[in-house]
Amino acid sequence: MLRRQELVPARGSGRIQGIPAWAGAGGGRLCAVLSRPVLALAAALVALSGCSSPIEAPDANEPAVPLATAAVTEQRPPAARVVLDYVPDDVARVTVTDYEQVALQLGVVDLASELEAGERADFWRRAETETVLLADGLLRPVQERLQRDFSLGQEDVRWEARLFDDAGREVGFVQSWAAIIDPGVLRRAVEAGVRPLRGATVLAEESLVLSGVAEEVEEPWGGEQLAELVAGPATSTYLELGCVDEPGPDALDELEAYTVSFGSVLATARLGAGRRDLFDRLESAAGDDSFSEVFTGGAADPSNGRLGYEIASPPRAAALTLRRALPFAACAG
């Protein structure tokens, strides 16, 4: 990802071209740094050739030129953490699908709407069968219009969060767009009434699009309790305030919030540290045939309140999660 760049709108497209601010600058400094070893070599060659006026070698007391060090890449917070700052209190559940992580898992180097139609179709086919996809792309039904009129597409969305109320109704969404996409073009798509962007808000500096009840909030959704249940990138993440309605065994304690994050082959449920009922929840879930056929090899880590599973079928894992058929998250009996 480019840093410190001057952004110039690319004529006739929804993208912006990055011109590094350091391009063409500092050349004199580079030459000065390289000149010392070059001069030393020249001095040695002249001395060997018997020249009466050798070039003076650099002062040995001068400090050595520092070696180049690898640049440290700035780490972005995971999508599931970013979205907490745009979810209001009356939302009960959130799904986050990180298409950049999905592409990484599938070995797709440059996911963008500029790909050939066949490549894009192959990506979505594989994503739906090989990964846990909690959202299949809000803009895919209007892809043709977006590409024709705005040079945009679903593949330019980095991640997408869907917001649901307590009754399971979708009430809003948050999209993070690739930084190369011109926010002005996004605004024109919103103003043109392209569904589901109609009426949305574009946050240019953050490359975000908010719709429905999504808005910037003073306190992260779920507070520190939920923020502690989000860790690291994931292809998809499910977040819920509360517990699954079906009551579990009497031994279970109350569950105020939980998350489930999915990787390439593993699912990690986070229920919070210090829970005394983690093994009871693990055992209860293992007794559910539909669940245990998809989430296999369960393991519990009481030190940090995590449950780990292997994913036998990514599409079925996504379906069970969206239906909230997750017995380890049952309410207390």
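Start by selecting strand E10, residues 257–262: 6 of its 6 residues are buried, so the strand is largely enclosed by the rest of the structure. Buried means under 20% relative accessible area, exposed means over 50%, and partly exposed lies in between, using a 1.4 Å probe and protein chains only. Helices (H or I, at least four residues) and strands (E, at least two) are DSSP runs, numbered from the N terminus.

The model is predicted: local features need pLDDT of at least 70, and side-chain atom pairs count only at pLDDT 80 or more, while totals for chains, interfaces and linings use all residues. Residues are numbered from 1 along each chain as its sequence is written, and side-chain values use heavy atoms, with hydrogens and water left out.

Stay on E10 and show its side chains. Ala-257, Thr-259 and Ser-261 point one way, Tyr-258, Val-260 and Phe-262 point the other way, and all are buried.

Two strands pair if DSSP finds at least two bridges between them. Strand E8 (residues 236–241) pairs with E10 in the antiparallel sense over 6 bridges. Strand E11 (residues 266–270) is also antiparallel to E10, over 4 bridges, and a hairpin of 3 residues joins E10 to E11. Which residues are the bridge partners of Thr-259 in E10? They are Leu-239 and, in E11, Arg-270.

Now widen the selection to the sheet. It is an open sheet of 10 strands with antiparallel pairing, in the order E6-E7-E5-E4-E3-E8-E10-E11-E13-E12. Strands E6 (201–203) and E12 (295–301) stand at the edges with a single partner strand each, so one side of each has no neighbour in the sheet. Neighbouring strands are turned by 15° against each other on average, direction ignored. Axes here are lines fitted to C-alpha atoms, for helices over the stretch in contact, and angles run from 0 to 180 degrees between N-to-C directions.

Within this sheet, pick E4 (residues 157–164) and E5 (residues 170–177), which pair in the antiparallel sense over 7 bridges. Phe-164 stands opposite Glu-170 in E5.

Then select helix H8 (residues 278–286). H8 lies across E12 and strand E13 (306–311), running at about 170° to E12.

Finish at helix H4, residues 117–130. Its buried residues are Arg-120, Phe-123, Trp-124 and Ala-127. Seen down the helix axis, they fall within an arc of 90°, so they line one face of H4; the arc is that of the directions from the axis to the C-beta atoms. These residues pack against helix H3 (99–106) and helix H5 (143–150), where contact means heavy atoms within 4.5 Å.
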